[in-house]
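Please look over the sequence and the structure shown here before reading the briefing that follows.

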Amino acid sequence: MNAETNPEKPSAQRPRRRLLIALGIGALVAAVAAALAVALLIRVFEHKQEAKHPFFRVVELDESSTDPAVWAQNFPHHYDSYARTVDQVRTRHGGSEAVLRTPSDADPRSVVTQSKLAEDPRLVTLWRGYAFALDFREERGHAYMLDDQTFTGRHAVEQPGACLNCHASVVATYLELGGGDVRAGFDALNRMPYAQARERVSHPVACIDCHDPATMRLRITRPAFATGIAALKATQGVEDYDVHAQATRQEMRSYVCAQCHVEYYFAGPDKTLTYPWRQGARADEILAYYDEIGHKDWTHATTGAAALKAQHPEFEMWLQGTHARAGVACADCHMPYQRVGAAKVSSHHVRSPMLDINAACQTCHKATEEQLRERVETIQGRHLELRNLAMDAVVQLIEAIAAAQATPSPDEQRLAAAREYQRKAQFLLDFAEAENSTGFHAPQEAARVLAMAIDLARRGLVALWAPPD
């Protein structure tokens with residue numbers, strides 16, 4: 001058959017083939033797109049279902065569930081990050097580095113942290129006669145808080161059971177000791193000698209200390225904080241404050257931390273853990289409260305001053321800073337949110353924000369990591385300069401009092417005035433020293449506190465040596 005008798009010429013067949021190919025490709029693309037759309041819809045549906053059910057109840061939890069590994073069965077992502085608090089990492093001005101030691105029957109730890117007393121011997125002068133002059137090391141993560149307290153060298157001086165309120169999971173212990181009454185159990189634990197109280201606890205602070213096991217809501221479990229925050233609110237004109245009923249969820253994301261990261265003292269013969277906020281939470285307001293009630297932690301071994309030891313007032317200092325005023329909670333920076341599938345999980349790898357600037361800082365601050373780190377380290381470096389000036393001033397006052405006491409006829413009136421200045425200056429210095437942000441939580445407030453410490457130390461020298469009027 002020739003071209004003249006062929007009803008369909010090749011030139012006429014080509015457009016038809018192209019059309020069929022195009023239609024086939026279009027159908028294939030449409031099928032793929034439809035499949036992808038269906039997969040996407042299924043994935044979205046699955047994520048929505050995940051969001052509705054953020055955890056699976058594998059085990060039942062109650063007020064006796066103190067072991068965080070049990071909670072891990074329901075909350076594996078939270079537990080995985082909590083378990084990482086065993087790491088030891090230094091930042092430029094903080095954190096801990098591993099120091100190897102030979103375990104013993106008295107202290108089975110094979111790794112500890114560097115000694116702050118060795119790093120700065122002036123601290124020994126500051127705390128002479130007090131247990132902290134015997135052993136004081138850089139803090140480690142939450143996973144170590146119970147062991148590091150159990151085996152500290154400070155037990156050469158008898159310690160009360162009240163110390164465990166912030167180093168152990170004590171909710172179940174409160175209930176057991178108090179016959180179901182948390183406050184009664186709290187009082188009983190405070191009264192015990194440390195060794196006896198230590199037998200009652202098994203875990204460091206964990207899930208149950210911040211979360212209701214039935215609802216997972218944040219909660220206050222330390223009676224000392226509930227009492228203390230009510231006293232603080234009263235200074236602000238809020239009477240009969242009930243933290244359980246009146247605190248917002250965002251406030252609770254700081255308050256659960258403030259149950260322990262605060263200044264405190266042990267009141268009376270029962271050693272009741274007490275937060276000294278009846279006149280306010282600033283360092284000089286706390287000092288005024290201690291002066292009012294005549295409290296002292298010990299008698300300084302060198303000078304005889306009625307000395308005070310500040311603890312770790314992160315909450316009090318944070319309250320004076322820009323982040324607190326902006327409504328930023330402790331957890332926003334130290335436990336930033338992470339995306340795990342459809343869920344938004346708060347990291348329980350509690351640590352310095354400098355170790356995860358992207359998650360901790362750049363959610364709000366649009367500067368680069370390098371710029372943010374430089375800003376923080378500049379603040380901390382300047383704080384340390386001022387801290388060292390204050391440390392030198394207080395140490396010089398202690399040495400001057402010791403020299404005056406050694407003279408043949410010491411002036412007791414002058415010595416008494418100098419000791420009072422030492423008490424005040426030393427506490428304010430220690431307040432800024434013990435606060436673990438190296439000044440970052442509230443730079444201007446930290447500078448104010450250290451400036452007052454320097455001024456009081458110099459006034460002590462004047463009181464000691466200035467010629468009479």
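In which loop does G161 lie? G161 lies in the loop between α6 (145-150) and α7 (171-177), where helices (H or I, at least four residues) and strands (E, at least two) are DSSP runs, numbered from the N terminus. This is a predicted model, in which local features need pLDDT of at least 70 and side-chain atom pairs count only at pLDDT 80 or more, while totals for chains, interfaces and linings use all residues. Residues are numbered from 1 along each chain as its sequence is written, and side-chain values use heavy atoms, with hydrogens and water left out.

**Surroundings of G161**

- G161 counts as buried, at 0% relative accessibility; here buried means under 20% relative accessible area, exposed means over 50%, and partly exposed lies in between (1.4 Å probe, protein chains only).
- Leaving aside residues up to four places away in sequence, G161 touches L189, N190, M192, P193, Y194 and A197, a contact being heavy atoms within 4.5 Å.
- Although G161 and L273 are 112 residues apart along the chain, their C-alpha atoms are separated by 9.9 Å.

**Salt bridges**

- The whole structure holds 28 salt bridges, each defined as a side-chain nitrogen of Lys or Arg within 4 Å of a carboxyl oxygen of Asp or Glu.
- One of them joins the side chains of D209 and R222, with an N to O distance of 2.7 Å. Both residues lie in the loop between α9 (194-198) and α10 (223-235), so the pair ties together parts that are 13 residues apart in sequence.
- D209 is buried, at 1% relative accessibility, and R222 is buried as well, with a relative accessible area of 2%.
- D284 and R448 form another salt bridge, in which the closest N and O atoms are 2.9 Å apart. This pair links distant parts of the chain, since D284 belongs to helix α13 (residues 283-293) and R448 to helix α20 (residues 443-465), 164 residues apart.
- D284 is partly exposed, with a relative accessible area of 23%, and R448 is also partly exposed, with a value of 25%.
- Salt bridges that share partners join R101, D107, R109, R140 and D148 into one network.
- R282 forms a salt bridge with E285, and here the closest N and O atoms are 3.8 Å apart. R282 is partly exposed, with a relative accessible area of 30%, and E285 is partly exposed, with a relative accessible area of 25%.

- In helix α12 (residues 249-258), the buried residues are M252, R253, S254, Y255, V256 and A258.
- The elements that cover these buried residues of α12 include α10, α11 (243-246), α14 (314-319), α16 (330-334) and β9 (337-340).
- Strand β9 runs antiparallel to strand β10 (residues 343-346), to which four bridges join it; two strands count as paired if DSSP finds at least two bridges between them.
- Within this pairing, R339 stands opposite K344 in β10.
- β9 and β10 form a hairpin with two residues between them, and G341 in the turn has a positive phi of about 65°.

**The second largest pocket**

- The second largest pocket holds about 390 Å³ of space, a volume being the space filled by probe spheres set on grid points that are joined across faces, edges and corners.
- On a 1 Å grid over the protein atoms alone, a pocket is an open set of points with protein on both sides within 12 Å along at least five of seven lines, and its lining residues have an atom within 4 Å of a point.
- The second largest pocket is lined by 21 residues, of which K233, Q236, Y255, W318 and L319 lie nearest its centre. The elements that give two or more residues to this lining are α10, α12 and α14.
- The lining divides into 10 nonpolar, seven polar and four charged residues, where Ala, Val, Leu, Ile, Met, Phe, Trp, Tyr, Cys and Pro count as nonpolar, Asp, Glu, Lys and Arg as charged, and the others, Gly among them, as polar.

- Most residues other than glycine have a negative phi.
- M216, in the loop between α9 and α10, has a positive phi near 70°, and M216 counts as buried at 18% relative accessibility.
- T438, found in the loop between α19 (412-434) and α20, has a positive phi of about 50° although it is not a glycine, and T438 is buried with a relative accessible area of 12%.

Terms used
1 Å grid on protein atoms, 1.4 Å probe; cavity = no way out; pocket = protein on both sides within 12 Å on 5 of 7 lines; lining within 4 Å.
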